[in-house]
Amino acid sequence: MSRRAYSLVMCIVAPFAFATVLWRGLRDRSYWQGLSERFGWGARRRSSPTIWLHAVSLGEMSAAAPLVRALRARYPQIPLVLTTATPTGRARARALFGDAVGVSFLPYDTPGSVVRFLDRIRPRLAIIMETELWPNLFNECERRGVPLVLASARLSAKSVLRYQRLGRLFRGIFSANVSTAAQTLNDAERFVAIGAAASRTHVVGNIKFDMQLSPGVIDQGRQLRASFGIARPVWIAGSTHAGEEEQVLDAHEALQTDRPNGLLLLVPRHPDRFQAVADLLSDRKVRFARRTAGVVPDAATQVLLVDTIGELAALYAAADVAFVGGSLVPIGGHNLLEPAALGLPVLTGPYNSNSRDIARLLLSQGAAVQVSDSRELAEALRLLFADPVDRQRIGAIGRRIVESNRGSVARLLELIEPFLAAPSAAVIPSAAR
């Protein structure tokens, strides 16, 4: 596919994507925030060049936090702009950094939207987290002479085949201004296979290992746990998806045969599903409380439905065992390192394509246990709650793994520093197109 044909497709698709945003906004009004930003409009043009970092959603934004903090500390004189594609990612950025950084949605990859966006934020350096390859955006950064770094980049074998089928469209986006900072050697080789220059492809590790727990997280977790009951068995199912909550609830029901006072903290991944999960709990006649109700779960409460965002770390800190969602259904799994860093035994399903290497590491070292269905999940919970010493041993392994694999942010900064030490790239006006 040529870039011209791709641009035509994107111009056709963008209105439908925008209609989907408007439709979702009927249930979740956060989708209606920053609507003009999706077409490259928004706040007034920046008065000076910026560092621009893109993290597609909530998980990637949380993972990017250590890098954002490091950039702010090292380059306080350069304004920082964060973009995301989802309302949860936007909310997370605001919660983490407030007004200290600019926050907006990344526009659709149409030529006009991209030009308006780059005219507005005037990036001196672009940093794209993980795997976000947008041909028009990359091409416009090249035309303007903006260095672009793919940070903590990852690419599955299946994705390589998909990109290769699109031929020159994606091979052509890895121009001389693009550097790739891959998570693993395998990721680096896959990027080279789709057109990245080997000389500008580096292995820096996974930035998720550099996660920093907020100073108050442990204290918040202790306070929450005290309110639940210190002696009460508490487990958490974090970032769950449709088709997964049913399995989690089946496992909790089975667990209650041995642990009738057990409490499940159920945390759906997406806010627009909070009500659907509440309806599921009601239909199953489960005694539950909603976190937004502000009511402390009593002894009769079986499930606390966490219908808030931004509290997951504190809730992990309040639990004895963590199941990480998106892994019992074919989503690809979510962040296994957050509960591991807090010293919790981690349970995960078989679908971990989003963090395959992390899952493999935790499983091989004994910091995590893989389950395939509700029956295996219930059995794993039974064993862990029956043996507090083993539970602590497994959690300690996970904490050591996280600590021993830190350093990706420092390596990224070494890669980024020459681009920011050079004179600021000229911002070519859109009229020059």
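User: What is the volume of the largest pocket?

Analyst: The largest pocket has a volume of about 1,300 Å³. Volume here is the space filled by probe spheres set on grid points, which are joined across faces, edges and corners. This is a predicted model: local features need pLDDT of at least 70 and side-chain atom pairs 80 or more, while totals for chains, interfaces and linings use all residues. Residues are numbered from 1 along each chain as its sequence is written, and side-chain values use heavy atoms, without hydrogens or water.

User: What makes a set of points a pocket and not a cavity?

Analyst: The grid has 1 Å spacing and covers the protein atoms alone. A cavity is a set of points where a 1.4 Å probe fits but cannot get out; a pocket is open, with protein on both sides within 12 Å along at least five of seven lines. Lining residues have an atom within 4 Å of a point.

User: Which residues of the lining lie nearest the centre of the largest pocket?

Analyst: Val56, Glu60, Thr131, Glu132 and Arg154 do, out of 50 lining residues. H1, helix H3 (87-97), helix H6 (157-165), helix H8 (185-193) and helix H14 (356-365) each give two or more residues to this lining. H1 gives the most, with 7 residues.

User: How do the residues of that lining divide by class?

Analyst: The lining of the largest pocket has 20 nonpolar, 13 polar and 17 charged residues. Nonpolar covers Ala, Val, Leu, Ile, Met, Phe, Trp, Tyr, Cys and Pro; charged covers Asp, Glu, Lys and Arg; the others, Gly among them, are polar.

User: What is known of the second largest pocket: its volume, and the residues closest to its centre?

Analyst: Its volume is about 930 Å³. Of its 46 lining residues, Leu58, Ser62, Arg92, Leu312 and Glu338 are closest to the centre. Two or more residues each come from helix H2 (58-74), H3, helix H9 (217-228), E9 and helix H12 (312-317). H2 gives the most, with 8 residues. By class, this lining has 20 nonpolar, 16 polar and 10 charged residues.

User: Why is H15 called roughly perpendicular to H16?

Analyst: Helix H15 (residues 374-386) and helix H16 (residues 388-404) pack at about 105 degrees, with axes 5 Å apart. Roughly perpendicular means 65 to 115 degrees; under 35 counts as roughly parallel, over 145 as roughly antiparallel, and the rest as oblique. H15 is therefore roughly perpendicular to H16. The axes are lines fitted to C-alpha atoms, for helices over the stretch in contact, and angles run from 0 to 180 degrees between N-to-C directions. The helices themselves are DSSP runs (H or I, at least four residues; strands are E, at least two), numbered from the N terminus.

User: Which residues of H15 and H16 meet?

Analyst: Leu384, Phe385 and Ala386 in H15 meet Pro388, Arg391 and Ile394 in H16. Contact means heavy atoms within 4.5 Å. These residues divide into 5 nonpolar, no polar and 1 charged.

User: What makes H1 and H5 oblique to each other?

Analyst: Helix H1 (residues 3-25) and helix H5 (residues 135-144) cross at roughly 125 degrees, and their axes come within 10 Å. H1 and H5 are therefore oblique to each other. Arg3, Tyr6 and Ser7 of H1 make the contact with Pro135, Asn136 and Asn139 of H5. The contact has 2 nonpolar, 3 polar and 1 charged residues.

User: How do you know that E8 and E9 pair?

Analyst: Pairing requires at least two bridges found by DSSP between two strands. Strand E8 (residues 234-240) and strand E9 (residues 263-268) pair in the parallel sense over 6 bridges. Tryptophan 235 stands opposite leucine 264 in E9.

User: Why do E10 and E14 count as edges of the sheet?

Analyst: The open sheet has 7 strands in the order E10-E11-E9-E8-E12-E13-E14, with parallel pairing. Strand E10 (288-290) and strand E14 (368-370) each have a single partner strand, so one side of each is left without a neighbour in the sheet. The twist averages 20 degrees from one strand to the next.

User: What is the strand order of the open sheet that holds E1?

Analyst: Its 7 strands run in the order E3-E2-E1-E4-E5-E6-E7, with parallel pairing. Strand E3 (102-105) and strand E7 (201-203) stand at the edges, each with a single partner strand. H5 lies across strand E1 (50-54), E5 and E6, at about 135 degrees to E5.

User: Where does threonine 86 lie, and which residues does it contact?

Analyst: Threonine 86 lies in the loop between E2 and H3. Leaving aside neighbours within four places in sequence, it contacts Val56, Ser57, Leu58 and Phe105. Threonine 86 and phenylalanine 105 are 19 residues apart in sequence and 7.4 Å apart in space, C-alpha to C-alpha.
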